[in-house]
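Q: Got a model open here and want a quick tour. Can we start with some strand pairing?
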Amino acid sequence: MVSGFIAVFKRDIRRYVRFKDQLFTSMLHPILWLALFGLGMAGNFERILGGGSAPAGMISYDYLTFMCPGMIAATILFANLYGGFSVLFDKNWGILREIMASPMPRRDLITGISLSSVTKSLIQTVIIIVFGMILGVTFFSGESIGGVIISLVGMVLFVAVFSAAVLCVSLYVAFKISSPEGYQGVTTVLSMPVFFASNALYPSAGLPPVLQEIALINPLTHLSNGLRYFSMGDHFSALGLEFIYNSTEILVSFIYLLVFALVTFHFALRAVEQSVIT
Amino acid sequence: MSNSVILDVSNFSYAYGDVQAVKDVSFRVKRGEFFSFLGPNGAGKTTVINTLITLLPMQEGTVTVAGYDLRADHVKVRESIGIVFQQITLDKDMTVRETLDFHGDIYGMGLEDKMQRISELLTLVELEEKADALVSTLSGGMKRRLEIARGLMTRPQILFLDEPTIGLDPQTRQKTWEYLRMVNQEGTTIFMTTHYMDEADILSDSIALIDHGEIIQRGTPDELKSGLGKDIIYLETTDNSAVSTRIQEIPGITGIQPCYGKLLIFSGNDGAQVLPDIIRAADEQGITVTSVSLKKPTMDDVFMHYTGTEIRD
(Lines give C-alpha, C1' and ligand atoms only; values in the text may rest on other atoms or scores of the structure.)
Protein backbone atom coordinates (compact mmCIF):
# COMPACT_ATOMS: atom_id res chain seq x y z
CA MET A 1 0.00 0.00 0.00
CA VAL A 2 1.28 3.41 -0.97
CA SER A 3 0.64 6.21 1.46
CA GLY A 4 -1.36 9.11 0.12
CA PHE A 5 1.52 11.56 0.34
CA ILE A 6 3.71 9.31 -1.79
CA ALA A 7 0.96 9.24 -4.42
CA VAL A 8 0.73 13.03 -4.40
CA PHE A 9 4.53 13.28 -4.51
CA LYS A 10 4.75 10.80 -7.39
CA ARG A 11 2.16 12.65 -9.41
CA ASP A 12 3.85 16.01 -8.95
CA ILE A 13 7.30 14.73 -9.84
CA ARG A 14 5.87 12.89 -12.83
CA ARG A 15 4.46 16.13 -14.17
CA TYR A 16 7.77 17.87 -13.51
CA VAL A 17 9.74 15.30 -15.47
CA ARG A 18 7.12 14.72 -18.16
CA PHE A 19 6.74 18.32 -19.18
CA LYS A 20 10.11 19.34 -20.37
CA ASP A 21 9.17 22.99 -20.41
CA GLN A 22 8.71 23.07 -16.64
CA LEU A 23 11.84 21.01 -16.10
CA PHE A 24 13.87 23.12 -18.49
CA THR A 25 12.77 26.54 -17.29
CA SER A 26 13.16 25.59 -13.63
CA MET A 27 16.77 24.74 -14.42
CA LEU A 28 17.38 27.65 -16.74
CA HIS A 29 15.95 30.22 -14.37
CA PRO A 30 18.73 30.08 -11.73
CA ILE A 31 21.39 29.87 -14.44
CA LEU A 32 20.08 33.08 -15.99
CA TRP A 33 20.01 34.80 -12.61
CA LEU A 34 23.63 33.94 -12.02
CA ALA A 35 24.80 34.61 -15.55
CA LEU A 36 22.96 37.90 -16.05
CA PHE A 37 22.35 39.49 -12.67
CA GLY A 38 25.25 37.81 -10.89
CA LEU A 39 27.94 38.66 -13.38
CA GLY A 40 26.52 42.13 -13.94
CA MET A 41 26.42 42.99 -10.28
CA ALA A 42 29.74 41.34 -9.57
CA GLY A 43 31.44 43.50 -12.19
CA ASN A 44 30.00 46.66 -10.64
CA PHE A 45 30.81 45.73 -7.07
CA GLU A 46 34.35 44.84 -7.97
CA ARG A 47 34.76 48.18 -9.77
CA ILE A 48 33.37 50.22 -6.87
CA LEU A 49 35.15 48.37 -4.11
CA GLY A 50 38.27 47.58 -6.07
CA GLY A 51 38.31 44.13 -4.65
CA GLY A 52 39.44 45.32 -1.21
CA SER A 53 42.19 43.59 0.65
CA ALA A 54 41.39 40.95 3.21
CA PRO A 55 42.84 41.09 6.70
CA ALA A 56 45.64 38.61 7.13
CA GLY A 57 44.66 34.97 7.62
CA MET A 58 41.12 35.43 6.39
CA ILE A 59 39.63 34.05 3.21
CA SER A 60 38.45 36.76 0.89
CA TYR A 61 35.62 36.14 -1.54
CA ASP A 62 34.57 38.10 -4.61
CA TYR A 63 31.03 39.35 -4.99
CA LEU A 64 29.95 36.51 -7.28
CA THR A 65 30.84 33.96 -4.62
CA PHE A 66 29.20 36.07 -1.90
CA MET A 67 26.04 36.38 -3.96
CA CYS A 68 25.80 32.75 -5.01
CA PRO A 69 24.27 31.43 -1.75
CA GLY A 70 21.86 34.37 -1.91
CA MET A 71 21.01 33.33 -5.45
CA ILE A 72 20.20 29.84 -4.24
CA ALA A 73 18.02 31.33 -1.52
CA ALA A 74 16.21 33.65 -3.92
CA THR A 75 15.63 30.95 -6.52
CA ILE A 76 14.10 28.68 -3.92
CA LEU A 77 12.00 31.51 -2.55
CA PHE A 78 10.48 32.30 -5.93
CA ALA A 79 10.09 28.72 -7.12
CA ASN A 80 8.18 27.73 -3.98
CA LEU A 81 6.22 30.94 -3.65
CA TYR A 82 4.74 30.18 -7.06
CA GLY A 83 4.62 26.47 -6.31
CA GLY A 84 1.02 26.57 -5.12
CA PHE A 85 -0.11 27.58 -8.57
CA SER A 86 -0.63 24.02 -9.75
CA VAL A 87 -2.85 23.42 -6.72
CA LEU A 88 -4.89 26.44 -7.68
CA PHE A 89 -5.43 24.81 -11.06
CA ASP A 90 -6.25 21.47 -9.46
CA LYS A 91 -8.71 23.27 -7.27
CA ASN A 92 -10.47 25.17 -10.01
CA TRP A 93 -10.25 22.75 -12.91
CA GLY A 94 -8.61 19.59 -11.77
CA ILE A 95 -8.49 16.65 -9.48
CA LEU A 96 -8.57 18.37 -6.12
CA ARG A 97 -12.25 17.45 -5.91
CA GLU A 98 -11.28 13.79 -6.25
CA ILE A 99 -8.63 14.18 -3.55
CA MET A 100 -10.96 16.05 -1.18
CA ALA A 101 -13.64 13.36 -1.48
CA SER A 102 -11.12 10.60 -0.80
CA PRO A 103 -10.37 9.17 2.63
CA MET A 104 -6.76 10.38 2.36
CA PRO A 105 -5.85 12.63 5.31
CA ARG A 106 -5.53 16.27 4.26
CA ARG A 107 -2.01 16.51 5.67
CA ASP A 108 -0.87 13.95 3.07
CA LEU A 109 -1.77 16.42 0.36
CA ILE A 110 0.51 19.05 1.89
CA THR A 111 3.37 16.73 2.79
CA GLY A 112 3.26 15.15 -0.68
CA ILE A 113 3.44 18.46 -2.52
CA SER A 114 6.04 19.78 -0.08
CA LEU A 115 8.19 16.73 -0.66
CA SER A 116 8.13 17.19 -4.40
CA SER A 117 8.88 20.89 -4.00
CA VAL A 118 11.83 20.11 -1.78
CA THR A 119 13.10 17.71 -4.44
CA LYS A 120 12.81 20.34 -7.15
CA SER A 121 14.51 22.91 -4.92
CA LEU A 122 17.42 20.60 -4.28
CA ILE A 123 17.83 20.02 -8.00
CA GLN A 124 17.94 23.77 -8.53
CA THR A 125 20.46 24.16 -5.73
CA VAL A 126 22.79 21.66 -7.33
CA ILE A 127 22.49 23.43 -10.66
CA ILE A 128 23.36 26.79 -9.16
CA ILE A 129 26.35 25.39 -7.30
CA VAL A 130 27.69 23.62 -10.35
CA PHE A 131 27.04 26.47 -12.76
CA GLY A 132 28.32 29.01 -10.23
CA MET A 133 31.59 27.13 -9.87
CA ILE A 134 31.93 27.07 -13.64
CA LEU A 135 31.54 30.86 -13.64
CA GLY A 136 34.20 31.24 -10.97
CA VAL A 137 32.43 30.87 -7.63
CA THR A 138 34.93 29.59 -5.09
CA PHE A 139 32.79 27.52 -2.70
CA PHE A 140 34.20 25.14 -0.11
CA SER A 141 37.72 26.56 -0.45
CA GLY A 142 40.26 24.77 1.64
CA GLU A 143 37.84 22.06 2.71
CA SER A 144 38.55 18.36 2.60
CA ILE A 145 36.18 15.95 0.83
CA GLY A 146 34.63 15.07 4.18
CA GLY A 147 34.18 18.76 4.95
CA VAL A 148 32.50 19.35 1.61
CA ILE A 149 30.09 16.49 2.23
CA ILE A 150 29.16 17.82 5.66
CA SER A 151 28.69 21.27 4.13
CA LEU A 152 26.44 19.87 1.42
CA VAL A 153 24.33 18.04 3.98
CA GLY A 154 23.97 21.29 5.90
CA MET A 155 22.89 23.13 2.76
CA VAL A 156 20.41 20.39 1.89
CA LEU A 157 18.80 20.66 5.33
CA PHE A 158 18.49 24.44 5.11
CA VAL A 159 17.12 24.35 1.57
CA ALA A 160 14.66 21.55 2.40
CA VAL A 161 13.15 23.21 5.45
CA PHE A 162 12.96 26.62 3.82
CA SER A 163 11.39 25.40 0.59
CA ALA A 164 8.77 23.37 2.45
CA ALA A 165 7.93 26.40 4.58
CA VAL A 166 7.54 28.75 1.62
CA LEU A 167 5.54 26.17 -0.29
CA CYS A 168 3.10 26.01 2.60
CA VAL A 169 2.71 29.78 2.38
CA SER A 170 1.86 29.48 -1.28
CA LEU A 171 -0.54 26.59 -0.61
CA TYR A 172 -2.25 28.73 1.99
CA VAL A 173 -2.69 31.52 -0.56
CA ALA A 174 -3.85 29.05 -3.22
CA PHE A 175 -6.56 27.68 -0.93
CA LYS A 176 -7.72 31.07 0.29
CA ILE A 177 -7.82 32.77 -3.09
CA SER A 178 -9.76 31.49 -6.07
CA SER A 179 -8.51 33.48 -9.06
CA PRO A 180 -5.11 32.99 -10.68
CA GLU A 181 -4.78 36.78 -10.93
CA GLY A 182 -5.33 37.18 -7.19
CA TYR A 183 -2.86 34.43 -6.43
CA GLN A 184 -0.24 36.00 -8.67
CA GLY A 185 -0.79 39.40 -7.07
CA VAL A 186 -0.52 38.20 -3.49
CA THR A 187 2.58 36.09 -4.05
CA THR A 188 4.32 38.84 -6.01
CA VAL A 189 3.64 41.38 -3.27
CA LEU A 190 4.85 38.91 -0.64
CA SER A 191 8.03 38.20 -2.52
CA MET A 192 9.22 41.82 -2.63
CA PRO A 193 9.98 42.51 1.07
CA VAL A 194 11.18 38.95 1.63
CA PHE A 195 13.58 39.20 -1.25
CA PHE A 196 14.95 42.71 -0.76
CA ALA A 197 14.78 43.13 3.03
CA SER A 198 17.27 40.33 3.46
CA ASN A 199 20.96 39.72 3.06
CA ALA A 200 20.55 37.50 0.01
CA LEU A 201 22.04 39.92 -2.51
CA TYR A 202 23.93 42.32 -0.24
CA PRO A 203 24.95 42.49 3.41
CA SER A 204 22.03 43.71 5.48
CA ALA A 205 24.41 46.05 7.34
CA GLY A 206 23.98 48.57 4.55
CA LEU A 207 20.16 48.62 4.76
CA PRO A 208 18.13 51.40 6.47
CA PRO A 209 17.49 50.55 10.16
CA VAL A 210 13.87 49.51 9.64
CA LEU A 211 14.79 47.14 6.84
CA GLN A 212 17.64 45.81 8.96
CA GLU A 213 15.11 44.87 11.62
CA ILE A 214 12.96 43.16 9.03
CA ALA A 215 16.00 41.38 7.62
CA LEU A 216 16.75 40.05 11.06
CA ILE A 217 13.45 38.18 11.28
CA ASN A 218 13.27 37.42 7.57
CA PRO A 219 13.56 33.65 6.97
CA LEU A 220 15.43 34.34 3.74
CA THR A 221 18.23 35.97 5.78
CA HIS A 222 18.50 32.88 7.94
CA LEU A 223 18.61 30.66 4.89
CA SER A 224 21.32 32.83 3.31
CA ASN A 225 23.32 32.77 6.55
CA GLY A 226 23.11 29.00 6.73
CA LEU A 227 24.10 28.57 3.11
CA ARG A 228 27.03 31.00 3.42
CA TYR A 229 28.22 29.31 6.58
CA PHE A 230 28.31 25.94 4.89
CA SER A 231 29.66 27.05 1.52
CA MET A 232 32.06 29.83 2.54
CA GLY A 233 33.07 29.03 6.08
CA ASP A 234 32.58 30.67 9.47
CA HIS A 235 35.03 33.52 9.00
CA PHE A 236 35.64 35.36 5.77
CA SER A 237 35.66 38.75 4.16
CA ALA A 238 33.67 39.92 1.18
CA LEU A 239 32.75 43.36 -0.14
CA GLY A 240 35.28 44.80 2.28
CA LEU A 241 33.29 43.50 5.25
CA GLU A 242 34.18 40.83 7.72
CA PHE A 243 31.73 37.97 8.25
CA ILE A 244 31.88 35.78 11.32
CA TYR A 245 29.38 33.04 11.97
CA ASN A 246 29.44 30.67 14.88
CA SER A 247 27.78 27.30 14.92
CA THR A 248 25.27 28.31 17.63
CA GLU A 249 24.01 31.16 15.45
CA ILE A 250 23.60 28.79 12.55
CA LEU A 251 21.78 26.28 14.72
CA VAL A 252 19.44 29.03 15.90
CA SER A 253 18.81 30.03 12.27
CA PHE A 254 17.97 26.43 11.45
CA ILE A 255 15.60 26.09 14.39
CA TYR A 256 14.05 29.40 13.38
CA LEU A 257 13.38 28.07 9.89
CA LEU A 258 12.05 24.82 11.33
CA VAL A 259 9.56 26.71 13.50
CA PHE A 260 8.64 28.87 10.52
CA ALA A 261 7.96 25.71 8.51
CA LEU A 262 5.82 24.18 11.26
CA VAL A 263 3.77 27.35 11.55
CA THR A 264 3.18 27.65 7.81
CA PHE A 265 2.37 23.92 7.61
CA HIS A 266 -0.23 24.41 10.31
CA PHE A 267 -1.83 27.32 8.46
CA ALA A 268 -1.77 25.50 5.13
CA LEU A 269 -3.38 22.45 6.72
CA ARG A 270 -6.10 24.58 8.27
CA ALA A 271 -6.75 26.28 4.96
CA VAL A 272 -7.12 22.89 3.24
CA GLU A 273 -9.36 21.52 5.96
CA GLN A 274 -11.61 24.54 5.89
CA SER A 275 -11.93 24.82 2.17
CA VAL A 276 -15.04 23.49 0.49
CA ILE A 277 -14.54 22.39 -3.09
CA THR A 278 -17.58 21.37 -5.08
CA MET B 1 -31.22 0.22 9.84
CA SER B 2 -32.38 -2.69 7.81
CA ASN B 3 -29.63 -4.46 5.93
CA SER B 4 -31.26 -3.86 2.58
CA VAL B 5 -31.16 -0.07 2.92
CA ILE B 6 -27.81 1.31 1.80
CA LEU B 7 -28.59 5.01 1.82
CA ASP B 8 -30.91 6.51 4.38
CA VAL B 9 -31.58 10.23 4.28
CA SER B 10 -33.98 11.73 6.74
CA ASN B 11 -35.09 15.31 7.18
CA PHE B 12 -32.12 16.62 5.27
CA SER B 13 -31.98 20.37 4.73
CA TYR B 14 -29.24 22.54 3.30
CA ALA B 15 -28.96 26.33 3.09
CA TYR B 16 -26.42 28.59 1.41
CA GLY B 17 -26.66 31.60 3.71
CA ASP B 18 -30.28 32.69 3.49
CA VAL B 19 -31.04 30.59 0.46
CA GLN B 20 -32.67 27.29 1.38
CA ALA B 21 -31.43 24.94 -1.34
CA VAL B 22 -32.83 21.69 0.06
CA LYS B 23 -35.85 21.48 2.34
CA ASP B 24 -36.52 18.57 4.64
CA VAL B 25 -35.79 15.81 2.17
CA SER B 26 -36.14 12.16 3.19
CA PHE B 27 -35.63 9.05 1.10
CA ARG B 28 -34.09 5.60 1.18
CA VAL B 29 -32.14 3.67 -1.42
CA LYS B 30 -32.12 -0.10 -1.32
CA ARG B 31 -29.00 -2.15 -1.82
CA GLY B 32 -28.54 -2.99 -5.50
CA GLU B 33 -31.02 -0.38 -6.65
CA PHE B 34 -30.53 2.07 -9.50
CA PHE B 35 -31.84 5.26 -7.96
CA SER B 36 -32.27 8.54 -9.81
CA PHE B 37 -32.70 12.01 -8.53
CA LEU B 38 -34.53 13.75 -11.33
CA GLY B 39 -35.15 17.46 -11.41
CA PRO B 40 -34.63 20.68 -13.36
CA ASN B 41 -31.46 22.77 -13.06
CA GLY B 42 -31.22 24.46 -9.69
CA ALA B 43 -33.62 22.02 -8.04
CA GLY B 44 -31.09 21.05 -5.37
CA LYS B 45 -29.82 17.78 -6.85
CA THR B 46 -26.14 18.69 -6.78
CA THR B 47 -26.38 20.03 -3.24
CA VAL B 48 -27.80 16.72 -2.08
CA ILE B 49 -25.21 14.62 -3.90
CA ASN B 50 -22.30 16.85 -2.85
CA THR B 51 -23.33 16.46 0.77
CA LEU B 52 -23.72 12.70 0.43
CA ILE B 53 -20.23 12.40 -1.04
CA THR B 54 -18.82 14.55 1.83
CA LEU B 55 -17.76 17.54 -0.27
CA LEU B 56 -20.26 19.78 1.49
CA PRO B 57 -20.53 19.80 5.27
CA MET B 58 -23.61 18.15 6.74
CA GLN B 59 -26.15 20.70 7.95
CA GLU B 60 -29.58 19.53 9.13
CA GLY B 61 -30.89 16.00 9.20
CA THR B 62 -29.48 12.51 9.47
CA VAL B 63 -27.77 10.58 6.70
CA THR B 64 -26.49 7.02 6.80
CA VAL B 65 -24.37 5.80 3.90
CA ALA B 66 -23.44 2.10 3.77
CA GLY B 67 -24.21 1.88 7.47
CA TYR B 68 -22.04 4.83 8.50
CA ASP B 69 -23.31 8.08 9.89
CA LEU B 70 -22.29 10.85 7.51
CA ARG B 71 -21.63 13.36 10.26
CA ALA B 72 -19.63 11.13 12.59
CA ASP B 73 -17.95 8.68 10.22
CA HIS B 74 -17.31 10.67 7.08
CA VAL B 75 -13.97 8.94 6.48
CA LYS B 76 -15.72 5.55 6.56
CA VAL B 77 -18.33 6.92 4.17
CA ARG B 78 -15.57 8.08 1.82
CA GLU B 79 -14.05 4.61 1.85
CA SER B 80 -17.39 3.00 0.97
CA ILE B 81 -18.42 5.08 -2.02
CA GLY B 82 -17.36 5.81 -5.56
CA ILE B 83 -17.96 9.12 -7.29
CA VAL B 84 -18.33 10.46 -10.80
CA PHE B 85 -18.43 14.24 -10.58
CA GLN B 86 -20.54 16.50 -12.74
CA GLN B 87 -17.63 18.33 -14.35
CA ILE B 88 -14.78 16.34 -15.80
CA THR B 89 -12.42 15.96 -12.86
CA LEU B 90 -9.30 14.49 -14.41
CA ASP B 91 -5.69 15.51 -14.64
CA LYS B 92 -5.29 15.85 -18.38
CA ASP B 93 -1.54 15.46 -18.02
CA MET B 94 -1.73 11.96 -16.54
CA THR B 95 -2.22 8.81 -18.56
CA VAL B 96 -5.32 6.65 -18.22
CA ARG B 97 -3.45 4.07 -16.18
CA GLU B 98 -1.83 6.69 -13.95
CA THR B 99 -5.24 8.20 -13.28
CA LEU B 100 -6.52 4.91 -11.90
CA ASP B 101 -3.25 4.17 -10.13
CA PHE B 102 -3.31 7.54 -8.37
CA HIS B 103 -6.88 6.96 -7.30
CA GLY B 104 -6.01 3.56 -5.87
CA ASP B 105 -3.14 5.10 -3.95
CA ILE B 106 -5.11 7.89 -2.34
CA TYR B 107 -7.71 5.32 -1.30
CA GLY B 108 -4.98 3.17 0.21
CA MET B 109 -5.36 0.15 -2.09
CA GLY B 110 -2.76 -2.61 -1.99
CA LEU B 111 -0.44 -2.84 -4.99
CA GLU B 112 -1.59 -6.21 -6.30
CA ASP B 113 -5.26 -5.45 -5.82
CA LYS B 114 -4.76 -2.12 -7.54
CA MET B 115 -3.05 -3.60 -10.58
CA GLN B 116 -5.69 -6.28 -10.94
CA ARG B 117 -8.51 -3.79 -10.59
CA ILE B 118 -6.98 -1.44 -13.16
CA SER B 119 -6.83 -4.16 -15.78
CA GLU B 120 -10.38 -5.33 -14.97
CA LEU B 121 -11.77 -1.84 -15.27
CA LEU B 122 -9.87 -0.93 -18.42
CA THR B 123 -11.50 -3.97 -19.99
CA LEU B 124 -14.91 -3.06 -18.61
CA VAL B 125 -14.90 0.45 -20.05
CA GLU B 126 -12.98 -0.61 -23.16
CA LEU B 127 -9.99 1.63 -22.63
CA GLU B 128 -7.23 -1.02 -22.67
CA GLU B 129 -5.78 0.40 -25.85
CA LYS B 130 -5.73 3.85 -24.35
CA ALA B 131 -4.09 2.74 -21.09
CA ASP B 132 -0.92 4.71 -21.70
CA ALA B 133 -2.45 7.63 -23.54
CA LEU B 134 -2.59 11.02 -21.87
CA VAL B 135 -6.05 12.00 -20.68
CA SER B 136 -5.80 15.16 -22.80
CA THR B 137 -5.93 12.98 -25.93
CA LEU B 138 -9.19 11.24 -24.99
CA SER B 139 -12.61 12.10 -26.38
CA GLY B 140 -15.38 13.34 -24.11
CA GLY B 141 -16.99 9.91 -23.97
CA MET B 142 -13.70 8.18 -23.15
CA LYS B 143 -13.07 10.66 -20.35
CA ARG B 144 -16.46 9.86 -18.89
CA ARG B 145 -15.75 6.15 -19.11
CA LEU B 146 -12.41 6.67 -17.41
CA GLU B 147 -14.20 8.55 -14.66
CA ILE B 148 -16.69 5.73 -14.26
CA ALA B 149 -13.82 3.25 -14.05
CA ARG B 150 -12.13 5.45 -11.48
CA GLY B 151 -15.32 5.64 -9.44
CA LEU B 152 -15.36 1.84 -9.38
CA MET B 153 -11.67 1.34 -8.52
CA THR B 154 -12.23 0.61 -4.85
CA ARG B 155 -15.27 -1.65 -5.48
CA PRO B 156 -17.57 0.84 -3.79
CA GLN B 157 -20.86 -0.32 -2.32
CA ILE B 158 -22.55 2.63 -3.89
CA LEU B 159 -21.58 4.70 -6.90
CA PHE B 160 -22.65 8.34 -7.01
CA LEU B 161 -22.98 10.01 -10.39
CA ASP B 162 -23.81 13.67 -10.87
CA GLU B 163 -25.31 14.25 -14.32
CA PRO B 164 -23.14 11.56 -15.91
CA THR B 165 -24.09 12.16 -19.55
CA ILE B 166 -24.17 15.94 -19.58
CA GLY B 167 -22.66 17.28 -22.78
CA LEU B 168 -22.27 13.89 -24.46
CA ASP B 169 -23.54 13.08 -27.95
CA PRO B 170 -26.44 10.58 -28.29
CA GLN B 171 -24.23 7.60 -29.21
CA THR B 172 -21.89 8.23 -26.32
CA ARG B 173 -24.83 8.61 -23.96
CA GLN B 174 -26.20 5.23 -25.04
CA LYS B 175 -22.81 3.66 -24.49
CA THR B 176 -22.46 5.27 -21.06
CA TRP B 177 -25.89 3.93 -20.12
CA GLU B 178 -24.81 0.45 -21.12
CA TYR B 179 -21.83 0.65 -18.76
CA LEU B 180 -23.93 1.97 -15.94
CA ARG B 181 -26.52 -0.75 -16.39
CA MET B 182 -23.78 -3.36 -16.44
CA VAL B 183 -22.20 -1.96 -13.27
CA ASN B 184 -25.57 -1.97 -11.56
CA GLN B 185 -26.29 -5.53 -12.66
CA GLU B 186 -23.01 -6.62 -11.13
CA GLY B 187 -24.34 -5.47 -7.78
CA THR B 188 -23.24 -1.88 -7.30
CA THR B 189 -25.96 0.39 -6.02
CA ILE B 190 -26.21 3.52 -8.10
CA PHE B 191 -27.31 6.98 -7.06
CA MET B 192 -27.57 9.26 -10.05
CA THR B 193 -28.74 12.82 -10.49
CA THR B 194 -30.01 13.84 -13.88
CA HIS B 195 -32.25 16.32 -15.60
CA TYR B 196 -32.68 14.01 -18.58
CA MET B 197 -36.06 12.32 -18.41
CA ASP B 198 -35.19 9.56 -20.85
CA GLU B 199 -32.07 8.72 -18.88
CA ALA B 200 -33.96 8.40 -15.61
CA ASP B 201 -36.74 6.44 -17.30
CA ILE B 202 -34.49 3.92 -19.03
CA LEU B 203 -32.01 3.27 -16.24
CA SER B 204 -33.77 3.65 -12.92
CA ASP B 205 -35.47 1.21 -10.63
CA SER B 206 -36.67 4.12 -8.60
CA ILE B 207 -36.93 7.86 -9.19
CA ALA B 208 -37.33 10.76 -6.85
CA LEU B 209 -38.53 13.89 -8.56
CA ILE B 210 -37.03 16.97 -6.92
CA ASP B 211 -37.90 20.59 -7.48
CA HIS B 212 -37.26 23.74 -5.48
CA GLY B 213 -35.32 21.67 -2.96
CA GLU B 214 -38.18 19.28 -2.20
CA ILE B 215 -39.06 15.79 -3.30
CA ILE B 216 -42.38 16.15 -5.06
CA GLN B 217 -42.92 12.62 -6.30
CA ARG B 218 -41.41 9.18 -5.85
CA GLY B 219 -41.85 5.86 -7.55
CA THR B 220 -40.70 3.54 -10.29
CA PRO B 221 -40.71 5.01 -13.80
CA ASP B 222 -43.92 3.08 -14.56
CA GLU B 223 -45.64 4.26 -11.43
CA LEU B 224 -44.78 7.86 -12.18
CA LYS B 225 -46.01 7.61 -15.75
CA SER B 226 -49.20 5.75 -14.96
CA GLY B 227 -49.84 8.23 -12.15
CA LEU B 228 -50.61 10.74 -14.88
CA GLY B 229 -53.36 8.58 -16.29
CA LYS B 230 -53.60 6.15 -19.16
CA ASP B 231 -53.27 8.62 -21.97
CA ILE B 232 -52.37 12.20 -22.60
CA ILE B 233 -54.23 14.41 -25.04
CA TYR B 234 -52.75 17.59 -26.46
CA LEU B 235 -55.53 19.89 -27.54
CA GLU B 236 -55.41 23.24 -29.29
CA THR B 237 -58.55 25.34 -29.69
CA THR B 238 -59.59 28.88 -30.44
CA ASP B 239 -60.28 29.44 -26.71
CA ASN B 240 -58.31 27.13 -24.47
CA SER B 241 -59.32 28.59 -21.12
CA ALA B 242 -63.06 28.54 -21.84
CA VAL B 243 -63.05 24.96 -23.04
CA SER B 244 -60.92 23.66 -20.18
CA THR B 245 -63.63 24.14 -17.51
CA ARG B 246 -66.02 22.01 -19.56
CA ILE B 247 -63.45 19.31 -20.24
CA GLN B 248 -62.69 18.96 -16.53
CA GLU B 249 -66.26 17.77 -16.01
CA ILE B 250 -65.90 14.90 -18.47
CA PRO B 251 -65.72 11.56 -16.60
CA GLY B 252 -62.26 9.98 -16.70
CA ILE B 253 -60.32 13.24 -17.04
CA THR B 254 -57.83 13.36 -14.18
CA GLY B 255 -56.09 16.64 -14.87
CA ILE B 256 -55.68 19.51 -17.27
CA GLN B 257 -53.01 22.16 -17.59
CA PRO B 258 -51.93 24.73 -20.16
CA CYS B 259 -48.71 23.94 -22.00
CA TYR B 260 -47.17 26.17 -24.67
CA GLY B 261 -50.49 27.39 -26.10
CA LYS B 262 -52.02 23.95 -25.91
CA LEU B 263 -53.97 22.09 -23.30
CA LEU B 264 -52.40 19.04 -21.74
CA ILE B 265 -55.22 16.69 -20.73
CA PHE B 266 -54.61 13.64 -18.58
CA SER B 267 -57.05 10.83 -19.09
CA GLY B 268 -57.61 7.99 -16.66
CA ASN B 269 -59.57 6.05 -19.28
CA ASP B 270 -58.66 5.04 -22.78
CA GLY B 271 -57.88 8.33 -24.50
CA ALA B 272 -59.47 7.31 -27.80
CA GLN B 273 -62.83 6.91 -26.07
CA VAL B 274 -62.62 10.26 -24.26
CA LEU B 275 -61.61 12.18 -27.36
CA PRO B 276 -65.12 12.44 -28.90
CA ASP B 277 -66.48 13.83 -25.62
CA ILE B 278 -63.78 16.49 -25.59
CA ILE B 279 -64.47 17.57 -29.14
CA ARG B 280 -68.22 17.62 -28.45
CA ALA B 281 -67.64 19.80 -25.38
CA ALA B 282 -65.74 22.29 -27.50
CA ASP B 283 -68.44 22.22 -30.22
CA GLU B 284 -71.20 22.92 -27.74
CA GLN B 285 -69.43 26.09 -26.67
CA GLY B 286 -68.85 27.13 -30.25
CA ILE B 287 -65.09 26.68 -29.90
CA THR B 288 -63.16 25.24 -32.81
CA VAL B 289 -60.60 22.52 -32.20
CA THR B 290 -57.54 23.41 -34.31
CA SER B 291 -55.34 20.43 -33.45
CA VAL B 292 -55.44 17.33 -31.32
CA SER B 293 -53.05 14.51 -30.56
CA LEU B 294 -53.03 11.52 -28.29
CA LYS B 295 -50.13 9.67 -26.70
CA LYS B 296 -48.98 7.54 -23.80
CA PRO B 297 -47.45 9.47 -20.90
CA THR B 298 -43.63 9.69 -20.96
CA MET B 299 -41.20 10.84 -18.31
CA ASP B 300 -41.20 14.21 -20.09
CA ASP B 301 -44.86 14.54 -19.26
CA VAL B 302 -44.24 13.49 -15.68
CA PHE B 303 -41.49 16.06 -15.45
CA MET B 304 -43.53 18.83 -17.02
CA HIS B 305 -46.59 17.94 -15.01
CA TYR B 306 -44.84 18.19 -11.67
CA THR B 307 -42.25 20.89 -12.31
CA GLY B 308 -44.25 23.19 -14.59
CA THR B 309 -43.11 24.84 -17.77
CA GLU B 310 -41.01 27.76 -16.61
CA ILE B 311 -37.40 27.84 -17.73
CA ARG B 312 -34.76 27.37 -15.04
CA ASP B 313 -31.15 28.35 -14.95
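A: Strand β11 (residues 231–237) of chain B and β14(B) run antiparallel, joined by six bridges. This is a predicted model: local features need pLDDT of at least 70, side-chain atom pairs count only at pLDDT 80 or more, and totals for chains, interfaces and linings use all residues. Residues are numbered from 1 along each chain as its sequence is written, with chains lettered from A and ligands numbered from 1 in the order in which they are written.

Q: What counts as a strand, and as a pair?
A: Strands (E, at least two residues) and helices (H or I, at least four) are DSSP runs, numbered from the N terminus. Two strands pair if DSSP finds at least two bridges between them.

Q: Which residue is the bridge partner of B:L235 in β14(B)?
A: B:V292.

Q: What sheet is that part of?
A: An open sheet of four strands in chain B, in the order β12-β13-β11-β14, with antiparallel pairing. β12 (253–259) and β14 (289–295) of chain B are the edge strands, each pairing on one side only. From one strand to the next, the twist averages 20°.

Q: Which helix lies across β11, β12 and β13 of chain B?
A: Helix α9 (residues 240–248) of chain B. α9 of chain B runs at about 170° to β12(B). Axes are lines fitted to C-alpha atoms, for helices over the stretch in contact, and angles run from 0 to 180 degrees between N-to-C directions.

Q: Switching to β8(B). Buried or exposed?
A: Mostly covered: six of the six residues in β8 (residues 189–194) of chain B are buried (20 or more other C-beta atoms within 10 Å of their own, C-beta atoms being placed from the backbone). B:T189, B:F191 and B:T193 point one way, and B:I190, B:M192 and B:T194 the other.

Q: What does β8(B) pair with?
A: β3 (residues 34–38) of chain B, parallel, over five bridges. β7 (residues 158–162) of chain B also runs parallel to β8(B), again with five bridges. B:M192 has B:S36 opposite, and B:L161 stands opposite B:M192 as well.

Q: Now the chains. How many residues of chain A are in contact with chain B?
A: 21, against 23 residues of chain B. Contact means C-beta atoms, placed from the backbone, within 7 Å. On the chain A side, α1(A) gives the most, with five residues.

Q: And how is chain B divided?
A: Into domain 1 (5–224) and domain 2 (229–296), with bounds from an automatic or database domain assignment. Their centres, taken over C-alpha atoms, are 41 Å apart.

Terms used
Contact = placed C-beta atoms within 7 Å. Buried ≥ 20, exposed ≤ 12 C-beta atoms within 10 Å, placed from the backbone.
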